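Here are a few notes to read alongside the model. Take them one at a time, and keep the 3D view open as you go.

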Amino acid sequence: MGSGSMAACIFKPLTILGFFVFSAATAQEFPDSLPMNEIRVLASHNSYKIQPTARTMKFINRFKSVLGEENQPFQLAYSHPSIPEQLSTYHIRGLELDVYNDPTGGRYFKHRLNFFIPKQRIREEKYKALKEPGFKIIHIPDIDYQTNYLSLADALEELNAWSVSNPTHAPIFVNIELKGSALGDEAGILRLFGFKKAIPFDSSSLNQMDSLFQATLKTMYRTSDFLKNEQNLQERIQHQGWPSLGDVRGRIFVIIQGSGASSYPEHGGAFKYGSSENPNCIFLLCDDPFANEMLIRQQRSTHIIRTRTDAGTIEARNNDYTRLDKARETGAQILSTDYYKPDPTIGSFVIPFLGFIPN
């Protein structure tokens, strides 16, 4: 969970309307010759997530005074619809999936917080898929566990079906965040109450994940597709330039980040977030557009950069577009938000463009 700028800077209504009109008129109307780093896509943050129940929120709010500013419960209060709805209705072209390793199955089947909440029925039959071995999609095990997709395989299958059915779509960028810590890792007292520790990702589990990507995503754009016989990804850009929009239409890019990402196979199909000094890195993660403004401006010709337009529901609650403005100014190509549609329980805050636009 992160926080954003608290500054009060509100877009004028006409400015927002202008964005919508521009987007509706121009989405997906750019020449196929356009280099792929010259497009900008709207992405959803924690794309699988469903907001915790009212009883859960009420319970964890009892402890907000000891959780610290960065971990306030209100930051969990957002939801997303299914992946196909995000892609079709809201023209989202970037997704983020938080993945936990569960090689024997059942590790995250019980949701321990429910044992402390009176009258919150534990409907474990709904979560039977969590008993199966595999990679699980969860925000915070035991607390913020409600999701549209229990397993990575389920999410990838739905994404693949949509991509195959929409062969001319703008490229889709999928963040896979490997989670190496859960509440059970934080304190022994929580483990006594049954809160689980996370299972680290290693080379074996990440080889399995790579196989899952390549077997499931029929339209995956692999690192080998990008290399074009060059020695590394940056040499491809230097010698041959970026692939064009036409080259990557209808394709899915998978980008790995998080705990254990260095163990992902060297010649795997997915890309990895890294540093600008790494010749095999073309994706940079710069979530704070203020702190990373100069880096984004300097690297956007040789990298595709993800940043966030809002975080922790803070900008939405303050109707604050300062962070969006800065993200756009930097030229970052992947803009991640929780508010491609407004939440009427908070207000009218919405990131006001659809599909993709050129930088």
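1. Buried residues account for 53% of the 359 residues in this protein. Please keep in mind that the model is predicted. The accessible surface comes to about 15,400 Å², and carbon and sulfur atoms contribute 52% of that surface.

2. On to the overall build. You can look for 13 helices and ten strands. Of the contacts with a separation of 6 or more, 75% are between residues 24 or more positions apart.

3. Strand 4 (residues 172-178) deserves a visit. Seven of its seven residues are buried, so strand 4 is largely enclosed by the rest of the structure. Ile 172, Val 174, Ile 176 and Leu 178 point one way, while Phe 173, Asn 175 and Glu 177 point the other way.

4. Which strands pair with strand 4? Strand 2 (residues 94-102) runs parallel to strand 4 and is joined to it by six bridges; here Glu 96 has Asn 175 as its bridge partner. Strand 5 (residues 252-258) also runs parallel to strand 4, with seven bridges between them, and Gly 258 of strand 5 stands opposite Leu 178.

5. Is Asp 144 buried or exposed? Its relative accessible area is 1%, and buried means under 20%, so Asp 144 is buried. The side chain of Asp 144 makes a polar contact of 2.5 Å with that of His 139. Leaving aside residues up to four places away in sequence, Asp 144 touches Lys 49, Ile 50, Pro 52, Leu 76, Ile 138 and His 139.

Key:
Residues numbered from 1 in each chain as written. Predicted model: local features only at pLDDT ≥ 70, side-chain atom pairs only at ≥ 80, totals over all residues. Heavy atoms only, no water. Buried < 20%, exposed > 50% of the residue type's maximum accessible area, 1.4 Å probe, protein only. Polar contact = N/O pair within 3.5 Å; in protein donor to acceptor, adjacent residues only side chain to side chain. Contact = heavy atoms within 4.5 Å. Helix = DSSP H or I, 4+ residues; strand = E, 2+ residues; numbered from the N terminus. Areas by Shrake-Rupley, 256 points an atom, 1.4 Å probe, with all protein chains shown as cover. Pairing = 2+ DSSP bridges.
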